[in-house]
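Welcome! Have a look at it first, and then we will go through it topic by topic.

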Amino acid sequence: MTTPPSTPYPVIDGARPLLGHMPEMQRDTYGFYLRHHRAAGDALRFNAYPFINFYSFAAPDALHHILVKARHKYSRGARWSRIVSYIGGNGIVTSTGEVWEKQRRAVTPYFQPAHVDKYTGMIVRNAAEMAEGWLRAGPDAPLNVSRAMMSLGLVNISDMLFNYDIRPRVETFARAMVDGFYYINRFIQNPLTPPRFLPLPVNRRFARDKETADAVVRDIIAAVRKDDENCMIGALVRAGNTDRQLHDEIITLLMAGYDTLSTALAWAWYLLARNPAALGKAREELRAVLGPHGLPDAQNVEKLAYLRMVFKETLRLYPSAWAIHRFSEAPDEVMGRPVRKGSSVVLPLYVTHRHRDFWKHPDAFHPEHFDKTEAEGRPRFAYLPFGAGEHVCVGAHLAGMEGVLILATLLQRLTPRLATNAEIAPLVNFTLKPAEDIMALAVPA
């Protein structure tokens with residue numbers, strides 16, 4: 001019996017000699033994938049450098065196949081893991097095999113709903129404190145929402161997981177992490193980036209940024225070892241982890257624990273300010289559920305259905321992890337098309353989240369996408385803001401709850417109002433961030 005031939009990939013125009021499609025891809029990363037997938041379909045093969053096979057799949061069935069059904073044929077790839085380890089060492093994001101399984105088992109209990117619910121009071125207090133600071137600045141003072149949400153995310157994750165007050169050093173740590181993300185994104189986007197060991201200004205700056213972050217992590221470890229803190233890192237200390245292992249877990253959890261949330265909250269503030277009808281619905285729900293003076297908590301946050309849809313819709317339009325990268329360890333066939341062993345495979349969630357077959361208003365802010373009536377029949381893998389498969393984000397529940405709690409707390413006190421009406425585009429910087437900081441005004445609710 002002969003095997004039927006595989007379906008050929010569509011031809012993608014615009015490839016340059018030797019460099020292929022890489023210059024266009026690097027110039028406008030998420031837009032490149034969106035344009036070509038909408039024009040040519042869900043399964044694409046691009047011309048990259050002569051030594052790289054490069055595939056991209058946007059259909060939910062393809063994502064399910066690669067991340068779940070045939071996951072044994074794919075890995076994160078040595079190159080991706082090596083680059084991310086520049087910041088995160090051998091933490092839970094980059095580790096594999098038995099090391100990853102051990103780390104995952106150790107941290108998972110601290111992200112279970114029963115444990116996460118204990119954090120709600122602290123999350124609300126920190127958000128309220130930030131809102132009061134905004135109001136004291138006055139209605140005409142421009143506020144950097146992007147940086148404020150970043151600081152809040154770092155303060156919360158440090159308070160929750162490490163019992164460590166990062167506030168005195170939050171600005172310098174956040175700046176170091178942002179610069180670090182830019183640095184590793186250069187390597188991900190361009191395989192020909194000069195290596196780290198060369199004494200170039202960009203490499204020296206990264207070394208300084210890394211030392212800034214490492215100094216904070218050393219302080220956290222010292223504080224936990226001194227006081228035997230009853231927190232996640234304290235449990236890892238008591239389990240006999242070395243300082244090197246503790247360092248990698250702390251830096252990874254700080255990196256992953258604040259970035260998705262803080263970026264999503266900044267985008268949510270931007271989207272609500274530009275969509276008064278959605279803002280009105282959210283405000284009406286807050287009054288109905290919390291009353292004039294009630295505080296959001298673990299019990300009533302489940303009743304804030306529309307605000308949860310606002311947060312989910314924000315992550316649909318601007319998923320922090322805009323794409324999932326895999327490396328094919330064995331030959332495969334996806335959507336009837338061949339994938340060669342040793343190839344780079346991109347799953348552009350930004351495209352899947354805006355797929356015209358599954359979203360009524362793919363490019364618009366429409367929280368009702370997550371209403372039961374509109375969501376009925378939509379494939380599970382059409383929406384993956386926290387990934388899927390064995391490497392699904394361990395903090396997904398915490399991020400969802402924290403996002404709604406913070407939005408509820410801020411909207412009780414403030415009205416989203418941007419300092420300028422200019423539209424802000426996303427920018428791929430390891431994660432998907434606003435191309436410029438989102439600036440707002442402190443308008444009382």
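Predicted model: local features only at pLDDT ≥ 70, side-chain atom pairs only at ≥ 80, totals over all residues.

Arg167 forms a salt bridge with Asp159, and the closest N and O atoms of the two are 3.1 Å apart. Asp159 counts as buried, because its relative accessibility is 18%.

**Salt bridges**

- Arg169 forms a salt bridge with Asp219, with 2.1 Å between the closest N and O atoms.
- Arg169 sits in the loop between α8 and α9 while Asp219 belongs to helix α10, so this pair ties together parts that are 50 residues apart in sequence.
- Both partners count as partly exposed: Arg169 has a relative accessibility of 26%, and Asp219 has a relative accessible area of 34%.
- Another salt bridge links Asp437 and Arg147, whose closest N and O atoms are 3.3 Å apart.
- Asp437 lies in the loop between β11 (431-434) and β12 (439-441) and Arg147 in helix α8 (residues 145-162), so here the parts tied together are 290 residues apart in sequence.
- Asp437 is partly exposed at 33% relative accessibility, and Arg147 is partly exposed at 43%.
- Glu24, Asp28 and Arg35 are linked in a network of salt bridges.

**The chain as a whole**

- The protein chain has 17 helices and 13 strands.
- Its radius of gyration is 22 Å, close to the 22 Å that the globule rule gives for 445 residues, so the chain is as compact as a globular protein of that length.
- The C-alpha trace spans about 70 × 50 × 45 Å along its principal axes.
- Of the 445 residues, 55% are buried.
- Among contacts between residues at least 6 apart in sequence, 73% join residues at least 24 apart.
- The accessible surface is about 19800 Å², and carbon and sulfur atoms account for 54% of it.

**A five-strand sheet**

- Five strands form an open sheet with mixed pairing, in the order β1-β2-β8-β5-β3.
- β1 and β3 (74-75) are the edge strands, each pairing on one side only.
- Strand β1 (residues 43-47) runs antiparallel to β2, and five bridges join them.
- A hairpin of five residues connects β1 to β2.
- β2 also pairs with strand β8 (residues 344-347), this time in the parallel sense and over three bridges.
- Ser56 stands opposite Val346 in β8.
- Strand β2 (residues 53-57) is mostly covered, with four of its five residues buried.

**Helix α4**

- Helix α4 (residues 78-88) has buried residues that include Trp80, Ile83, Val84 and Ile87.
- The buried residues of α4 pack against α9, α10, α12 (243-274) and β5 (324-328).
- Gly89 follows α4 and has a positive phi, near 55 degrees.

- Phe197, Leu198, Leu200 and Val202 make a nonpolar surface patch of about 350 Å².
- Leu200, one of these residues, is found in the loop between α9 (170-189) and α10 (201-227).
- Leu200 counts as partly exposed, at 30% relative accessibility.

Key. Residues numbered from 1 in each chain as written. Heavy atoms only, no water. Patch = residues over 30% accessible without salt bridge, like charges linked within 9 Å, V, L, I, M, F, W, Y side chains within 5 Å. Areas by Shrake-Rupley, 256 points an atom, 1.4 Å probe, with all protein chains shown as cover. Salt bridge = Lys/Arg side-chain N within 4 Å of Asp/Glu carboxyl O. Helix = DSSP H or I, 4+ residues; strand = E, 2+ residues; numbered from the N terminus. Buried < 20%, exposed > 50% of the residue type's maximum accessible area, 1.4 Å probe, protein only. Pairing = 2+ DSSP bridges. Rg over C-alpha atoms; globule rule 2.2 N^0.38 Å. Contact = heavy atoms within 4.5 Å.
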